[in-house]
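Me: I'm new to reading protein structures. Could you walk me through this one, feature by feature?

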Amino acid sequence: MPRARAFAPSSLALQGLLLLAFWGLPAALLPAGLGPGPRYLALVLLRYLLLGAALARERGRWPVFYLTRENLRPALTDGLVFALAFVPVAWAYARLTLGGVYWLPPGELPATLAAALLLAALPEELAYRGLFLGTLTRLGAPAWAQVAVTSALFAAQHVRYLLRGDPLTFTLVAAFGPVAAAMTLRRKNLAGAVLAHAAMNTLIFVFIGGRVSSL
């Protein structure tokens with residue numbers, strides 16, 4: 001693994017801006033008349049731009065952030081095992097949230113999977129279990145602290161569910177943080193967390209029939 005610098009102020013500054021972007025704070029700078037859909041897509045674009053800048057700043061050191069081919073197959077296997085184990089959880093979530101299972105139309109599955117991967121799983125895992133987790137490793141934080149801090153930051157991004165009176169969804173999302181962090185640290189590879197995250201989101205939509213308004 002390439003030797004990483006102990007401290008990179010410009011990288012940390014970019015990661016700080018990235019964290020604010022994930023928490024939605026730049027939304028206040030968007031035009032007031034912008035609808036919720038365009039507003040969300042603008043935030044996603046900003047997150048990708050900041051991710052690209054942060055990764056470009058760390059070019060040549062990506063394995064420090066678990067972007068590597070090492071242990072790729074075991075990492076993907078972990079993600080697949082999580083996906084299979086999450087099936088009954090997603091089914092129970094639909095029952096508890098909507099009172100029943102409402103199947104996603106098969107024709108909507110490819111678009112749902114693409115959205116789950118590109119709009120949420122990939123950028124969030126690159127940030128929380130990639131850049132943030134890797135930076136804590138580089139700064140010498142113990143493993144338990146890496147898991148705790150990144151999971152707390154991830155939970156804070158989704159605190160809106162609590163504010164909407166939906167503790168079930170918040171608990172489900174918050175519980176995923178430590179699982180994804182442990183999965184990444186175990187394999188030193190981010191791929192498993194990305195796959196697990198995309199699968200979790202997709203399976204929820206499969207059982208709630210894609211009813212976004214319920215989330």
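Predicted model: local features only at pLDDT ≥ 70, side-chain atom pairs only at ≥ 80, totals over all residues.

Me: Is tyrosine 40 buried, exposed or partly exposed?

Reply: The general idea is to look at relative accessible area: under 20% is buried, over 50% is exposed, and partly exposed is in between. Tyrosine 40 has 35% relative accessibility, so it counts as partly exposed. Setting aside residues up to four places away in sequence, tyrosine 40 touches Arg47 and Leu119.

Me: How much confidence does the predictor have in this chain?

Reply: For that we read pLDDT, the predictor's confidence in each residue, on a scale from 0 to 100. Here the chain averages 91, and 94% of the residues score at least 70. Residues 1-6 call for care, as their pLDDT is below 50. That stretch still has 15 contacts in the model beyond near neighbours in sequence.

Me: How do I read the way two helices pack, and at what angle do H3 and H7 cross?

Reply: Compare the directions of their axes: angles over 145 degrees count as roughly antiparallel. The axes of H3 (residues 72-98) and H7 (residues 167-187) cross at roughly 170° and come within 12 Å. H3 is therefore roughly antiparallel to H7.

Me: Which residues make that contact?

Reply: From H3 they include Pro74, Phe82, Phe86 and Tyr93, and from H7 they include Leu172, Phe176, Val179 and Met183. By type, the contact residues divide into 12 nonpolar, three polar and three charged.

Me: What should I know about nonpolar cores in general?

Reply: In soluble globular proteins, nonpolar side chains tend to be buried together. In this model, the largest nonpolar core has 45 residues. Leu18, Phe86, Leu131 and Ile204 are those with the most contacts inside it. The elements giving two or more residues to this core are H1, H2, H3, H4, H5, H7 and H8.

Me: Which residues does leucine 18 touch?

Reply: Not counting residues up to four places away in sequence, leucine 18 touches Arg47, Leu50, Leu51, Ala127, Leu131 and Phe132. Now look at glutamine 15, which lies in helix H1. Glutamine 15 is in contact with Leu131, Phe132 and Thr135, leaving aside its neighbours within four places in sequence. At 5% relative accessibility, glutamine 15 counts as buried.

Me: And where is leucine 25, and is it buried or exposed?

Reply: Leucine 25 lies in the loop between H1 and H2. It is exposed, with a relative accessible area of 52%.

Me: What about backbone angles? Which value does phi take at tyrosine 66?

Reply: One thing to look for is a positive phi in a residue other than glycine. Tyrosine 66 is such a case, with phi near 65°. Tyrosine 66 is found in the loop between H2 and H3, and with a relative accessible area of 3% it is buried. Lysine 188 also has a positive phi, near 55°. Lysine 188 is found in the loop between H7 and H8, and at 36% relative accessibility it counts as partly exposed.

Methods:
Residues numbered from 1 in each chain as written. Heavy atoms only, no water. Axes fitted to C-alpha atoms, helices over the stretch in contact; angles between N-to-C directions. Helix = DSSP H or I, 4+ residues; strand = E, 2+ residues; numbered from the N terminus. Parallel < 35°, antiparallel > 145°, perpendicular 65-115°, else oblique. Contact = heavy atoms within 4.5 Å. Nonpolar A, V, L, I, M, F, W, Y, C, P; charged D, E, K, R; others polar. Core = buried A, V, L, I, M, F, W, Y, C linked by side-chain atoms within 4.5 Å. Buried < 20%, exposed > 50% of the residue type's maximum accessible area, 1.4 Å probe, protein only.
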